[in-house]
Amino acid sequence: MPTGNHGFIAARGALLAGSLATLAGCAGVEPGAPEAADTVLRDGYIYTVNESNPTVEALAIRDGVIVYVGGEAKVDAFIGPETRVIDLGGKMVMPGLQDAHIHGITAGQPQCDLEYQPLTVDEFKARIAACLDNPAFGSGADDWLVVNHWYVQFLTPPGTSVTKAVLDSLDTRRPIIVNGVWGHAALANSRALELADISAETPNPSDGVIAHNAAGEPTGWVYDGAQALVRQAMPAPPAVDPIEAARRGMQALIEEGITSFQAQSETRETVAAFAELRERHELPARAHFLIDSGARTGAELTAFIAELDALRDAFEHPEQIPLQVRAWRPGEQQGPRLVPEPGVSIDGVGEVMADGILQAPTQTAALLEPYRVNVGSADDPRWVPGDKRGEAYIDAETLGTMATRFAEHGYQTQIHAIGDRAVRNTLDAFETLRENDGIEADQTGYGQSGDSRPLMSHAELVDPADHARFAQLGVVPVMSYQWAKPAPDSTDAVKPYLGPQRWQGYEPEGDLAAAGAKIAYGSDYPVDPLDHWFAIEAAVLREADWGPQFPQYAGALNPDQALTLEQAIRGITLNAAYAMHQDTITGSLETGKLADLLILDRNLFEIPRDDISETQVLMTMVGGDVVYMAADFAPWQ
Ligand SMILES: [Zn+2]
């Protein structure tokens, strides 16, 4: 019997006292045949993400748990009359994808959708006009038209920008809001601004900006928290069955191969829907929630923590969540170490916005040195330092006190930091957390018991002096690999404003990995289309195939910052599992871990790197259950 099973025996403790005796027996003097497995995968290229045993041929699963990982010869012993055997014929198997930063976990009714496409101003207007004519998106004189997935920086030709005047020129009186794909900027028409009571005199909210033109008039652009001013004026959207929306959202995720996710900024209603899905035994992926309310200090913070406690009481059932997910929290935590069926856990707070985004014209990401400005012309540019350094929405001290309070109450903190100043503020804040939580800050800051595992999402620009602090402080950078490619939102909207020196460190995955940071992947979906395989490709190639009509986006973006394929996969499996406090039970294929895995239609290690994005998932398995199978895949008769 494989010695790896010792861990399995010890780990399950008293839970499986009955089968324990059997297993313990076979670890003794004369190993007998192991108990038959429910499922065996064999003759495959099984990439385990376990450094001591990275590729094997066979794997066996019993009761949702991996009981054997190794060569072909020994797997026969796990095959009984009832065992399902999948002959992989050399196909690749890997751990299920884990997404440590996602927003789009539900799918509601269809909405007017610009589909992330490059558009000219005329095309932009035509698409919106068509939506105005479509009764599915409303027809009354006062019905709001909500337009989504506008790739703002992809207005063509490059350099094109628009204001509310473009929307006002459409033949309608209806209020319109067009949402940029990043969620940080939206364009409203005059009617929408009027209904939202936004005038030249309206002050900026503390966490956002209302853009004005030189004459002081609102341009229609609302950034970050200012978008809420417009949304508040909208009537509640028509009721969508939240269970159905959750089910639709999950279907898209498991087809992509996502077996665990940490969802950001979710509401009580969403959590309730997922808890209900779990009660019906229809939840196909491990659901982790980070809730954000805007509460940062004082009585507001106390009230918010009480709200989080109430959420846990209502929707989190300890027997449905593996112990490791909860073990670090204060107070006595008990329960099963392994739970094959996915559950719902309320992990903490996120995403807390330390700043905005780097892209012009928004430029709300907080920088140490100013954004550059072009004092020449478009044809003959001359870039010099300007006077804008972006917006630090919260100072380091407030963030540090806040993260400490959350950790004391058993809540993890996820902070959005993009510019190098916000990144430093956030690291300073987590240093305060470390001073308070007593967890030693050293070169091996990761993985200590009792650690709330502070998370920083995005970290797109990090001052070199701060690279090593991630590992020193045990902070997980949650990176969106797919952002590291030449594109309108990088090449045009960021590069010239940072200048060549800072640009070298834009999307600094390579520097962070070299400095020992435990990089986890987070898609930030639906900021980009749901495409985790493209993200893995971008991590290693740092380019995208835009085609010959876009020569300005050819080639790689800071190729020195590329991750190896092994690093990229580890970030989207085991390291993301670490971010969710579940790395000892899932995220790699090892004896004694949950059987969360994928069968792929190609071997990522053998194909040309630019084919990785074409990968199709043939089967998604969670806790030993097949939750998705491609229509044309028939592994057993
Ligand atoms: Zn986000």
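This is a predicted model: local features need pLDDT of at least 70, side-chain atom pairs count only at pLDDT 80 or more; totals for chains, interfaces and linings use all residues.

Biologist: What makes His 101, His 103, Glu 351 and Asp 524 the protein donors of the zinc ion?

Modeller: A donor is an N, O or S atom within 2.8 Å of the metal, and the NE2 atoms of His 101 and His 103, the OE of Glu 351 and the OD of Asp 524 lie 1.9 to 2.3 Å from the zinc ion, so they meet that cut-off.

Biologist: Why is the site of the zinc ion called irregular?

Modeller: The angles among its four donor atoms run from 85 to 170 degrees, whereas a tetrahedral site needs all angles between 85 and 135 degrees, so that label is ruled out, and the site is classed as irregular.

Biologist: Why can His 101 and Asp 524 be said to tie together separate parts of the chain?

Modeller: His 101 lies in strand E8 (residues 97-102), while Asp 524 sits in the loop between strand E23 (520-521) and helix H19 (532-541), so the pair joins parts that are 423 residues apart in sequence.

Biologist: How do you know whether His 101 is buried or exposed, and what of Asp 524?

Modeller: Buried means under 20% relative accessible area; His 101 has 1% and Asp 524 has 5%, so both are buried.

Biologist: What makes E8 and E23 the edge strands?

Modeller: In the open sheet of eight strands, ordered E8-E15-E16-E17-E20-E21-E22-E23 with parallel pairing, E8 and E23 each pair on one side only.

Technical notes
Residues are numbered from 1 along each chain as its sequence is written. Side-chain values use heavy atoms; hydrogens and water are left out. Donors are N, O and S atoms within 2.8 Å of the metal (3.2 Å for Na, K and Ca); water is not among the atoms, so sites may look incomplete. Four donors count as tetrahedral if all angles lie between 85 and 135 degrees; four count as square planar and six as octahedral if opposite donors are over 155 degrees apart and all others between 65 and 115; anything else is irregular. Helices (H or I, at least four residues) and strands (E, at least two) are DSSP runs, numbered from the N terminus. Buried means under 20% relative accessible area, exposed over 50%, partly exposed in between (1.4 Å probe, protein chains only). Two strands pair if DSSP finds at least two bridges between them.
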